[in-house]
Amino acid sequence: MSAPPKPVPLTTVESTETSESGAQTLTLSVGPQHSGSGHMRLIVEVDGDIIVNVAPDPGYVHRGIEKIIELRNIIKSIPVIERPSIIDASNLNHAWVRSIEEIQGVEVPRRGQYLRTLLNEMNRIMSHLYWLSIYGVFLGHTTMFMWPLGDRELFIDLAEKLTGARITYSYLVPGGVRRDLPPGFAEEAVKRTEYFEKRLKEYDRIFFNNPLFTSRAKGIGVLSKEKAIELGCTGPTLRGSGVDADLRKDEPYAAYPELDFEVSTRPDGDSFSRAMVHMDEMRESCKIIRQIVKKIPSGPIRRKAPIVLPRGVAYGRVESARGECSFYLIGEGGDKPYRARYITGSYRNMAAIPAVLLGNRLADMPTAWWSIDYWPVEADR
Amino acid sequence: MSLSHEREDALVQKLKENFPADIKETNIIRRARLEVTVAPEKIKDIAVFLRDKLGFDHPNGVSAVDYNRESRFEIVYHVSSMGIKDMRDLVLDLKESVPRNAPKVGSLVSVWSGVENYERESFEMFGIQFDGHPRLEKLFLTDNWDGPPPLRKDIRFPTD
């Protein structure tokens, strides 16, 4: 691989370069428009229409959240921590409270663990549906844009019943969760997940088995297993390359050890594989939600936890919708952390962007790029 | 889940046997979490050993911590293993300290290529120089940012 292209001046849209051998390449600045997920730019060098060089240019939505957390009480930080990925808010929230509880030595009651898992899985479906709708519109399939966004409301309503909020819940707090299950929730959850599973079959019919999609996604943006591991990829990006790594199984947390579900992997590492991993995970999440409402134990939902962070260090991580989300948390006895290093799934998978794009045609860029489910806001924090 | 730390102890043992003079401190935080503080000039050799001999093939992240009261930065490489399935829950923190007035260390991009972005972020947010990094430029900050590295402890928000 040649050296990465130099950032082009902000005013330039494109520039041509001639190498010593006389070959001409064109450097394009793709972005930083809001491409459905937050602002970011890719600097792409093409030879003809083959991508020969890519440099991601993130940072357009950087908020300095690590600094903000350092200056705030650990409880007040919860809404801030959800902001990088509001469509996957509870999973990010979970990584935070897990790290805090680890330093505090607080055990969460079993019912609280089940409720956390319930919201996490609902969030996984919501996040994957949002991803799918953008994927649809990227590929010019307007129905696949409308349907997932419509069906996402099934789970948004359910989450509202449980937490009182549609998108950003701040539901997980150190020691447990904020609210218990409302009456009639179990029946509603079963009804909605069963309906949603029928809808997934229709998604297959209209999109995933459609040559319009398969011919554009199969063999495009291949990321080998070795490369995915070496680059530190996680989540569906890693599993799409044939590694059956999932923290819900590998480092079982919350209620996951007591639930029955499969880790979905695909061996090929192309855009199609990564898309199918997302689909499989939505099916598994439906199964998990039904198991939870069926076997949720009774008891308290929350144990009293101190609002100070004792001296200590923790590396708390969870499997969020886009991969592993972790906090490297250092406490020094006050109510604020000394350092809270926040690494999200999208940030980890940013390293895969050049790897999946190189060698593909420019027209295949949307297919390959969006299959990583890279969320600029989550990566920038 | 067992409560013993046999696996972690064995890892620490192997590291100490192979690098008796360069492992400064080891600490098992809990099951599946351990910290190893090493001499900065030997970190690359130890990283290669971790990757090739102990199976830590997956870079999980890099954190920089500013201990301004002790006048040092700490750089923490969080590494895990994908190749060895039984070790996937384990995260090893490979740590090194550099003086705050001359923050310069060797880059580990040649060992784990996935640390490239994290090292770039530590460079722009803390001002730590990584020798041998292929592209040590700003990542998140704008190109025309000329203020101090913003995540250092002595940088305050205007509203503080």
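In chain A, 11 residues of domain 1 are in contact with 16 residues of domain 2, contact meaning that the C-beta atoms of two residues, placed from the backbone, lie within 7 Å. This is a predicted model, in which local features need pLDDT of at least 70 and side-chain atom pairs count only at pLDDT 80 or more, while totals for chains, interfaces and linings use all residues. Residues are numbered from 1 along each chain as its sequence is written, and chains are lettered from A and ligands numbered from 1 in the order in which they are written.

**Domains of chain A**
- Domain 1 covers residues 14-57 and domain 2 covers residues 65-380; these bounds come from an automatic or database domain assignment.
- The C-alpha centres of domain 1 and domain 2 of chain A are 31 Å apart.
- On the side of domain 1 of chain A that touches domain 2, strand β4 (residues 50-57) gives the most, with four residues; helices (H or I, at least four residues) and strands (E, at least two) are DSSP runs numbered from the N terminus.
- That side of domain 1 of chain A comprises six nonpolar, four polar and one charged residues, where Ala, Val, Leu, Ile, Met, Phe, Trp, Tyr, Cys and Pro count as nonpolar, Asp, Glu, Lys and Arg as charged, and the others, Gly among them, as polar.

**Tyr60 of chain A**
- Tyr60(A) is placed in the loop between β4 and α1 (65-70) of chain A.
- Apart from neighbours within four places in sequence, Tyr60(A) is in contact with Pro32(A), His39(A), Met40(A) and Pro376(A).

**Sheet of chain B**
- Five strands of chain B form an open sheet of mixed pairing, in the order β1-β2-β5-β4-β3; two strands pair if DSSP finds at least two bridges between them.
- The edge strands of chain B, each pairing on one side only, are β1 (23-30) and β3 (58-67).
- Strands β2 (residues 33-38) and β5 (residues 91-99) of chain B run parallel and are joined by five bridges.
- Glu35(B) has Asp93(B) in β5(B) as its bridge partner.

**Interface between chains A and B**
- Contacts link 32 residues of chain B with 28 residues of chain A.
- β3(B) gives the most to the side of chain B that touches chain A, with six residues.
- By class, this side of chain B has 14 nonpolar, nine polar and nine charged residues.
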